[in-house]
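Hi there,

Here is the structure I promised to pass on. Have a look, and my notes on what turned up follow below.

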Amino acid sequence: MLSKKVEKALNEQVAMEGSASNHYLAMACWCDREALSGCAQFLFDHAEEERMHMMKLIHYINDSGGFAVTPAIKQPQLEFEDVFDVFDTAYQNELKVSAAIDNLVEIADQEKDKQTYQFLQWYVDEQHEEEVTYRNLIDRIKLIGIEGRGLYFIDKEVETLAATKAANEGK
Ligand code: OFO
C-alpha cells in the first residue's frame with residue numbers, strides 16, 4: 001500500500017516521463033525536417049521508451065492500490081540551433097530526470113516503503129545508462145564536428161546506435 005506522499009511523488013514522476021517522451025518526439029521531428037534520418041530514428045525510439053517508463057509507473061501505482069494521474073500535455077521545445085543543441089538538451093533533461101529519480105528513492109526510503117524502493121532501482125540503472133549514452137554521443141559530435149560532411153557521419157553513427165539498441169531489445 002502506498003502512502004499519500006509516495007503516491008504523489010510517483011505521480012509527479014509519471015508526468016516527468018510523459019514530458020520526456022514529448023521532448024524526444026519534438027527532437028525527432030526537428031531531426032527529420034533537417035534530413036537527419038538516423039538521429040530522428042534514435043529519438044523516435046527514445047520517445048517510445050520514455051512512454052514505456054511512464055506506463056510502468058502507472059501500472060505500479062494502480063497495482064499498489066493508488067490512483068495514477070494521467071498528465072496534461074504541454075508543448076515541448078520545437079526548435080534547436082543544431083544537432084549538438086538537440087543532444088545536449090537531451091542530456092541536460094536526462095540529468096534532471098536522474099535527480100528526480102534520486103529524490104523519489106529518498107522519499108520511498110524515508111517512508112520505509114521497501115517495495116517502491118526496490119521498484120525504483122530499475123529506473124536508477126536506466127538513468128545511468130541514458131546519461132552514459134548521451135554523454136558519449138555529445139563527445140562523438142564534438143570529435144566529428146558538425147561542419148561539412150561531419151553532419152552526415154554523425155547521422156550515420158546515430159543510425160547505427162539506434163539499430164544496435166533495437167537489436168539488443170529484440171525489436
Ligand atoms: Fe525515463 O528515462 Fe530518461 O528520462
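What volume does the second largest pocket have? The second largest pocket comes to about 160 Å³. Before the rest, the ground rules: this is a predicted model, where local features need pLDDT of at least 70, side-chain atom pairs count only at pLDDT 80 or more, and totals for chains, interfaces and linings use all residues. Residues are numbered from 1 along each chain as its sequence is written, and side-chain values use heavy atoms, with hydrogens and water left out.

For the voids, a 1 Å grid over the protein atoms alone was used: a cavity is a set of points where a 1.4 Å probe fits but cannot get out, while a pocket is an open set with protein on both sides within 12 Å along at least five of seven lines, and lining residues have an atom within 4 Å of a point. Points are joined across faces, edges and corners, and a volume is the space filled by probe spheres set on them. Helices are DSSP runs (H or I, at least four residues), numbered from the N terminus.

Pockets

E129, T133, N136, L137, R140, E157, V158, L161, T164, K165 and N168 line the second largest pocket. Helix 4 (114-144) and helix 5 (150-168) each give at least two of its lining residues, and helix 5 has the largest share, with six. Sorted by class, that lining holds three nonpolar, four polar and four charged residues (Ala, Val, Leu, Ile, Met, Phe, Trp, Tyr, Cys and Pro count as nonpolar, Asp, Glu, Lys and Arg as charged, and the others, Gly among them, as polar).

The largest pocket has a volume of about 360 Å³. It is lined by 14 residues, and the closest to its centre are G18, S19, N22, A72 and I73. Helix 1 (4-33) and helix 2 (37-63) each supply at least two lining residues, with the largest share, six residues, from helix 1. Six nonpolar, six polar and two charged residues make up this lining.

Cavities

The count comes to two cavities of 30 Å³ or more. The largest cavity holds about 60 Å³ of space, and its lining is F42, D45, H46, E49, A162, K165, A166, E169 and K171. Helix 2 gives the most to this lining, with four residues; by class there are three nonpolar, one polar and five charged.

The second largest cavity has about 50 Å³ and is lined by F42, H46, E49, E129, E130, T133, Y134 and K165. Helix 2 and helix 4 are the elements that give two or more residues to it, and helix 4 supplies the largest share, four residues.

Helices

Helix 2 has 27 residues and spans 39 Å from first to last C-alpha, close to the 39 Å expected (1.5 Å times one less than the number of residues). Just after helix 2, G65 takes a positive phi of about 85°.

The axes of helix 3 (residues 83-110) and helix 4 come within 9 Å and cross at roughly 160° (axes are lines fitted to C-alpha atoms over the stretch in contact, with angles from 0 to 180 degrees between N-to-C directions). Helix 3 and helix 4 are therefore roughly antiparallel, a label for angles over 145 degrees. The residues of their contact divide into 19 nonpolar, four polar and seven charged.

Best wishes

Notes. Parallel < 35°, antiparallel > 145°, perpendicular 65-115°, else oblique.
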